[in-house]
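User: I'm new to this one. Can you walk me through a few features?

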Amino acid sequence: MTEKQFLDQLNTALSKLSAQEREDILQDYREHFAIGKADGKSEEAIADALGSPNKIAKEMLAMYHLEKAETNVTAGNVIRAVWAAIGLGFFNLIIVLGPFIGLVAVVFAGWVVGLSFILSPLLVLMDAVLYPGTFAFFDLFFSIMLCGLGLFIAIGMYYLTIYLTRGFIHYLKFNSSLVKGGLKNE
Amino acid sequence: MNVQFKKGILEICVLVLLEKKDCYGYELVQRISDKIEISEGSIYPLLRRLTKEKYFTTYLQESSEGPSRKYYRLTTKGKDYLREQMKEWREFTNAVNELIEEGDRND
């Protein structure tokens with residue numbers, strides 16, 4: 001691969017990044033080629049030692065998505081960061097995707113329980129309207145209690161979701177720092 | 001050598017080299033790849049990440065031969081981080097060595 005081919009491939013693979021950031025990255029590799037050539041090496045030998053531009057781009061993109069997920073916690077950003085981290089290697093498929101699915105399931109279940117508790121008085125009222133004969137105060141009071149409980153669960157889930165998301169992004173960062181620096185025998 | 005293993009080590013290598021003196025990317029790559037077989041291009045993502053985390057600062061310096069070079073300098077935060085990493089590294093290698101020696105004695 002020539003220097004131009006290497007830089008073009010890297011540039012294409014990084015098209016998601018801002019022009020400025022991309023230019024900054026490409027400049028590092030241009031400098032590397034320039035010094036290598038001054039050192040008497042051929043473009044092909046330098047490109048070969050650098051490794052695959054696509055693999056390099058993957059690491060850069062994983063970093064980019066992680067940063068975004070950290071500064072702007074939205075479901076989309078977090079999922080993109082998870083996906084990018086998985087893209088770094090099979091290793092991550094297990095240690096990233098596993099905990100991620102687990103966390104999402106816990107959070108989802110918590111919210112479902114909280115919300116359905118909150119809405120339970122509505123069900124009793126609906127029941128009373130549809131089948132007037134079956135109305136029982138016990139049901140009503142019980143559902144009001146559930147509603148209160150649901151409110152507490154929802155408040156708890158609100159904080160838990162925030163903490164878990166933050167913690168998970170932290171974990172992703174730790175994980176991708178472990179995986180960063182792809183090596184030859186990969 | 002195990003791939004995951006080497007990846008973590010690369011970070012320590014870069015930090016240790018920069019503690020001795022400011023270096024430019026190519027120089028770091030050469031000094032590490034002299035000793036450990038790495039995919040050289042992957043040092044640059046590492047350098048970017050550690051710079052963004054404020055462990056390094058960078059500056060450009062003209063060179064008599066060829067283009068100006070981007071030098072990396074370890075910050076105070078970077079030095080603290082290096083010490084922390086070194087401590088973990090020593091504990092880790094000591095533990096592994098102990099296990100290996102125990103294994104040898106049992107043979």
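This is a predicted model: local features need pLDDT of at least 70, side-chain atom pairs count only at pLDDT 80 or more; totals for chains, interfaces and linings use all residues.

User: What is the strand order in the open sheet of chain B?
Analyst: The order is E1-E3-E2, with antiparallel pairing. Strands here are DSSP runs of E, at least two residues, and helices are runs of H or I, at least four, numbered from the N terminus. Two strands pair if DSSP finds at least two bridges between them.

User: Which strands stand at the edges?
Analyst: E1 (23-24) and E2 (56-61) of chain B do. Each has a single partner strand, so one side of each lacks a neighbour in the sheet.

User: How many bridges join E1(B) to E3?
Analyst: Two, and E3 of chain B covers residues 69-74. B:Tyr24 stands opposite B:Tyr71, and B:Cys23 has B:Tyr72 as its bridge partner.

User: And how many between E2(B) and E3(B)?
Analyst: Six, again antiparallel. B:Phe56 stands opposite B:Leu74 there.

User: How many residues of E3(B) are buried?
Analyst: Five of the six, so E3(B) is largely enclosed by the rest of the structure. Buried means under 20% relative accessible area, exposed over 50%, partly exposed in between (1.4 Å probe, protein chains only).

User: New topic. What about the phi of B:Lys54?
Analyst: B:Lys54 has a positive phi of about 70°, though it is not a glycine. Most residues other than glycine have a negative phi.

User: Where is B:Lys54 found?
Analyst: In the loop between helix H3 (43-52) and E2 of chain B. B:Lys54 is exposed, at 57% relative accessible area.

User: Now the surface. Which residues form the negative patch?
Analyst: B:Glu98, B:Glu101, B:Glu102 and B:Asp104. Patch residues have over 30% relative accessible area and no salt bridge; like charges are joined within 9 Å, nonpolar side chains (Val, Leu, Ile, Met, Phe, Trp, Tyr) within 5 Å. A salt bridge is a side-chain nitrogen of Lys or Arg within 4 Å of a carboxyl oxygen of Asp or Glu.

User: Where does B:Glu101 lie?
Analyst: In helix H4 (residues 76-106) of chain B. B:Glu101 is partly exposed, at 47%.

User: Which residues make the nonpolar patch?
Analyst: A:Leu123, A:Met126, A:Val129, A:Leu130 and A:Tyr131, over about 580 Å². A:Leu123 is in helix H6 (residues 90-130) of chain A and is exposed, at 55%.

Methods
Residues are numbered from 1 along each chain as its sequence is written. Chains are lettered from A and ligands numbered from 1 in the order in which they are written. Side-chain values use heavy atoms; hydrogens and water are left out. Accessible areas come from the Shrake-Rupley method with a 1.4 Å probe; for residues, only the protein chains shown count as cover. Lys and Arg count as positive and Asp and Glu as negative; His and the chain ends are not counted. The place of a charge is taken as NZ of Lys, CZ of Arg, CG of Asp or CD of Glu.
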